[in-house]
Amino acid sequence: MKRIKLGIGPIGWANDDLREWGPERQGDDIMREIAQAGYEGSEMSYKYPQDPFDLRDSLEGHGLVLASAYRWTNFIYPERRDEEIAAARKHVDFCADGGAQHVLMAEGSKSLHWDANGSRTHVEPFSADEWKRVCEAFNEMGQYAQSKGLQLSIHPHGGTAIEDGEEIARLLNGTDAALVGYCLDTGHANYGGSDPVALVKKWGKRIRYAHLKDVRPAVLAEVQEKGKTFLEAIQHDVFGTPGQGHLDFQAILDALMGVDYEGWLVIEADQNPATHPALQVATEAHQRLRAWLGQKAPVSPSRSRV
């Protein structure tokens with residue numbers, strides 16, 4: 001049987017993009033509550049120590065490990081390539097030094113909010129040459145990650161040029177399966193018009209890491225009807241922890257187990273902690289995940305010292 005590890009992103013406590021959500025929270029308190037909720041690992045936060053060795057020590061003090069850390073890239077621009085590659089390598093080094101075995105990246109070029117040249121009103125698709133540059137850069141970074149003992153996974157993201165099923169297919173078909181993994185994000189998949197279960201069945205062998213978030217259908221319908229941006233969708237509570245929306249996580253997890261997935265299942269839901277108390281919703285999500293997994297996969301117990 002495959003071994004499953006349950007982790008969570010600290011964005012439910014203090015959001016990196018919307019820093020008005022949870023600014024009063026301190027990193028040590030967030031780690032303590034993540035361990036208290038039963039998780040084995042945490043992703044990175046701006047509230048955590050920024051030195052990777054200090055970060056590792058702080059997490060270990062709560063019985064936690066660094067599951068991964070996330071970085072935006074802008075690989076389509078030839079004039080930025082050297083700078084972007086250097087920054088991406090530094091990110092891989094950070095993950096390795098912080099004790100992670102996985103590194104996450106997402107391409108922000110021509111996106112609504114994460115293009116290095118500034119925000120825009122709509123996402124612009126990549127040209128054939130731009131797709132080639134992106135895929136070549138991810139292959140290069142995947143090879144570098146492997147040299148450091150890490151697995152690179154790419155995170156398709158709402159409001160970017162790699163979001164829907166066709167774009168995911170172009171990314172995965174254009175990169176080396178031995179070097180570049182797929183980070184399934186159930187919420188972003190649904191937001192982009194895909195069925196997470198269908199994605200698992202099609203690309204299961206490329207999934208090396210998974211983000212689990214739910215989608216509130218009424219909010220999604222309003223976002224689509226009114227043409228709201230991705231950040232506006234977040235601010236209107238489009239995402240939640242598993243069990244708070246309309247996604248069938250029993251089916252999603254069954255599909256993952258059906259393709260012999262093992263490794264991290266990470267709760268990652270952008271919610272305002274003022275209205276969705278982080279410890280409470282994190283604990284409830286952990287309990288639901290354990291129930292949905294049942295006897296299908298052994299789940300590592302939390303190593304909390306609290």
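Student: Are α7 and α10 roughly parallel or roughly antiparallel to each other?

Tutor: Axes are lines fitted to C-alpha atoms, for helices over the stretch in contact, and angles run from 0 to 180 degrees between N-to-C directions. Angles under 35 degrees count as roughly parallel, over 145 as roughly antiparallel, 65 to 115 as roughly perpendicular and the rest as oblique. Here the axes of helix α7 (residues 196-203) and helix α10 (residues 249-258) cross at roughly 5 degrees and come within 9 Å. The two helices are therefore roughly parallel to each other. This is a predicted model, in which local features need pLDDT of at least 70 and side-chain atom pairs count only at pLDDT 80 or more, while totals for chains, interfaces and linings use all residues. Residues are numbered from 1 along each chain as its sequence is written, and side-chain values use heavy atoms, with hydrogens and water left out.

Student: Where do the names of the helices and strands come from?

Tutor: Helices (H or I, at least four residues) and strands (E, at least two) are DSSP runs, numbered from the N terminus.

Student: Which residues of α7 and α10 meet?

Tutor: Contact means heavy atoms within 4.5 Å. From α7 come Pro 196, Val 197 and Val 200, and from α10 come Ala 251, Ile 252, Ala 255 and Leu 256. By class, this contact has 7 nonpolar, no polar and no charged residues. In that count Ala, Val, Leu, Ile, Met, Phe, Trp, Tyr, Cys and Pro are nonpolar, Asp, Glu, Lys and Arg are charged, and the others, Gly among them, are polar.

Student: What is the volume of the largest pocket?

Tutor: Rolling a probe the size of a water molecule over the atoms shows where empty space is left. On a 1 Å grid over the protein atoms alone, a cavity is a set of points where a 1.4 Å probe fits but cannot get out, and a pocket is an open set with protein on both sides within 12 Å along at least five of seven lines; lining residues have an atom within 4 Å of a point. Grid points are joined across faces, edges and corners, and a volume is the space filled by probe spheres set on the points. For the largest pocket that volume is about 850 Å³. Its lining has 31 residues, and Asp 16, Met 44, Tyr 70, Arg 71 and Trp 72 lie nearest the centre.

Student: Which element gives the most to the lining of the largest pocket?

Tutor: Helix α3 does, with 4 residues. At least two residues each are supplied by β4 (70-73), α3 and α9 (230-235). The lining divides into 14 nonpolar, 8 polar and 9 charged residues.

Student: How many cavities of 30 Å³ or more does the whole structure have?

Tutor: The search finds 2. The largest cavity has a volume of about 80 Å³, and 14 residues line it, with Ile 8, Gly 12, Thr 241, Ala 269 and Val 281 nearest its centre. Helix α11 (residues 278-293) supplies the largest share of this lining, 3 residues. Of the lining residues, 8 are nonpolar, 5 polar and 1 charged.

Student: Which residues line the second largest cavity?

Tutor: The volume of the second largest cavity is about 40 Å³. Its lining consists of Pro 156, Glu 163, Ile 168, Tyr 182, Cys 183, Leu 184, Asp 185, His 188 and Ala 189. Two or more of these come from each of β7 (180-185) and α6 (186-191). Strand β7 gives the most, with 4 residues. By class, the lining has 6 nonpolar, 1 polar and 2 charged residues.

Student: Is Lys 110 buried or exposed?

Tutor: Buried means under 20% relative accessible area, exposed over 50%, partly exposed in between (1.4 Å probe, protein chains only). Lys 110 is buried, because its relative accessible area is 14%. The residue sits in the loop between β5 (102-107) and α4.

Student: Which residues does Asp 93 touch?

Tutor: Leaving out residues up to four places away in sequence, Asp 93 touches Tyr 144 and Lys 148. Asp 93 lies in helix α3 (residues 81-97) and is partly exposed, with a relative accessible area of 25%.

Student: How does separation in sequence compare with separation in space for Gln 143 and Asp 176?

Tutor: Gln 143 and Asp 176 are 33 residues apart in sequence and 9.6 Å apart in space, C-alpha to C-alpha. Gln 143 is part of helix α4 (residues 128-147) and is exposed, at 54% relative accessibility. For Asp 93 and Ala 198, the figures are 105 residues in sequence and 34 Å in space, C-alpha to C-alpha.
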